[in-house]
Amino acid sequence: MITLMRRELWEHRGLWIAPLVTAALIVLATVLGSSQSGAMTISMQGHDFLQSLTADRQTKFFMVFVAAMMVPQLVVALVVVFFYLLDSLYSERKDRSILFWKSMPVSDAATVGSKALVALVLVPLWVWLLSLLVSALAFAGIAMKLSGTPYALLGTWHTGAWLAVQGLLLSNLLVAALWYAPIAAALLFLSAFARRAVFLWAMVPPVLVMFVEQVAFGTERFADFLQYRFIGFFNSLGFLTNRPKLEGADAQIGMITTMAGKLSALPQLANVDLWLGLAAAAALGYGAIRLRRYRDDT
Amino acid sequence: MTTPVIEARGLVKAYAGDRRALDNASFTIQPGRIVGLIGPNGAGKTTALKAILGLTPFEGELNVLGRDPRRQRDDLMQDVCFIADVAVLPKWLRVRNALDFVAGVHPKFKRERAEEFLRKTDIRLESRVRELSRGMVTQLHLALILAIDARLLVLDEPTLGLDLLYRRAFYDTLLNDYFDEQRAILVTTHQIEEIENILTDVMFIQHGRIVLDTPVEALAERFVQLVAAPARLADARALQPFYEREVFGRTALIYDGVEPARLAGMGELRTPSLADLFVARMQGAAK
């Protein structure tokens, strides 16, 4: 299995390079970036802001900051993984290299499984490892700039909180892997299924279903379902909920500190939709394996 | 009595609309044989190979090294090697990683042996497949295969698109460094003349059926070609040749199972080449 997963990284180097480059850019931006930009946004709130910033709130501020450092890398990783999964069982048929892979004593289940593991476990773990480094370096960069300004308090480092957040992020990634497993399995299935234009197979049918539903019933259930499946995970973390526009620094800081309390995704394990999704993932994964076993178009 | 490497009984592969790629094909391949599976395009050669390799579903009875390729494929592939044609090694793969991969997944792979073979070539370990010529890609694939202690090697047009030097070297290497009494090789190719000398057995396949299955030694006993003296042509035809054609104004006739002595005096006798025989079988049967 290790060999199979290494093989994936040889072919799709973007899987590890893209998050690495993003990480480097984030660090670079905080170290070299306009030294005022961070402080500027805060200082718009002025004196008000500093008064509201208690020590406890500062810790929470710190936690949200550390967690947020991972977001750009996650977004990049999601895009890369999306294309990776769509391509993984498709291009091997297109360039006929599947005949070579299949000349080895490796089961189709192991092959498909290795691709799912790379997408759902290996890449997230890599992003997490990078974010350990990124959050520390980026924070150091910002703290350096804030020192000597009235906002120096924001540059206080909290090792305990940092570890706690990283632990949370790691568990979140694992929960996210479970939540996104059906999407990954659906992409693998399409990848094994499409005879050509695999990207269109991934895009056109959902859009068509949405369109037909809209015209025929005037509803958007399918669109809602997809949205729920794609970003429902973040919704419950309090990132994307429709937040009311808050007036005043106190309320805004309050919102951020509330977010700090909602950082864990573990409660989602109680969501039955997550487990239903896993069942769907198992079915789609099985379908992908069957398709790869007997699809005969080389 | 040795256990056959492949035993096929009544293989059928049907497609939609009554088209059959395999139509009740039966054959047996023993260890220590090099079998050429020869047929025109679309005769079912590749389908037969795919059935043996468990790459396609089919009906009928098929036993490869004691296993059913439909149900025990992953296990079976430990003892079977396969070269489709030169194009199937992925272009992005590095030579070094190709060795890493096979070493990682194949319990019967001896890496040192593959590296030793590669040292005799111009292939560098850091090259990617896309940087290699077609001939070198085949050499690389051959290096991987030679280092696997398998019992059946299946080759589907392995030398397609290679120049004569590479083709010759390919088969020489197979004979000298790979083949032995325990192993069997099954090969399909259109370049019949080139493998004629290395085959121990030939099978002709046509419309999904095996129309000829014989050891090469037996060919000379069974088939004879007569270039008839014009005066004796009628006599020669009376002995029921299954194929005849005009060559330089004279008539060449091919017989199956006719005593050469009975043809004596009717013209020049010789054993038909495999290519002659192939054309004769395919066109003769079509008439």
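Select helix H1 of chain B, residues 45-52, in this predicted model. Its buried residues are B:Lys45, B:Thr46, B:Thr47, B:Ala48, B:Leu49, B:Lys50, B:Ala51 and B:Ile52.

Next, go past the end of H1(B) to B:Gly54, which follows the helix. The phi of B:Gly54 is positive, near 70 degrees.

Now select the contact between the two chains. Chain B puts 23 residues into the contact and chain A puts in 17. On the side of chain B that touches chain A, pick out strand E5 (80-83) and helix H3 (95-105), the elements of chain B that give two or more residues to it. Which element gives the most to this side? H3(B) does, with five residues. Colour this side of chain B by residue class: 15 residues are nonpolar, five are polar and three are charged.

Traced along the sequence, the pattern of chain A is α-α-α-α-α-α-α-α-α-α-α-α-α-α. Colour chain A by burial: 32% of its 298 residues count as buried. Then draw the contacts within chain A between residues at least 6 apart in sequence; 85% of these join residues at least 24 apart.

Conventions. Residues are numbered from 1 along each chain as its sequence is written. Chains are lettered from A and ligands numbered from 1 in the order in which they are written. This is a predicted model: local features need pLDDT of at least 70, side-chain atom pairs count only at pLDDT 80 or more; totals for chains, interfaces and linings use all residues. Two residues are in contact if their C-beta atoms, placed from the backbone, lie within 7 Å. Helices (H or I, at least four residues) and strands (E, at least two) are DSSP runs, numbered from the N terminus. Ala, Val, Leu, Ile, Met, Phe, Trp, Tyr, Cys and Pro count as nonpolar, Asp, Glu, Lys and Arg as charged, and the others, Gly among them, as polar. A residue is buried if 20 or more other C-beta atoms lie within 10 Å of its own, exposed if 12 or fewer, and partly exposed in between; C-beta atoms are placed from the backbone.
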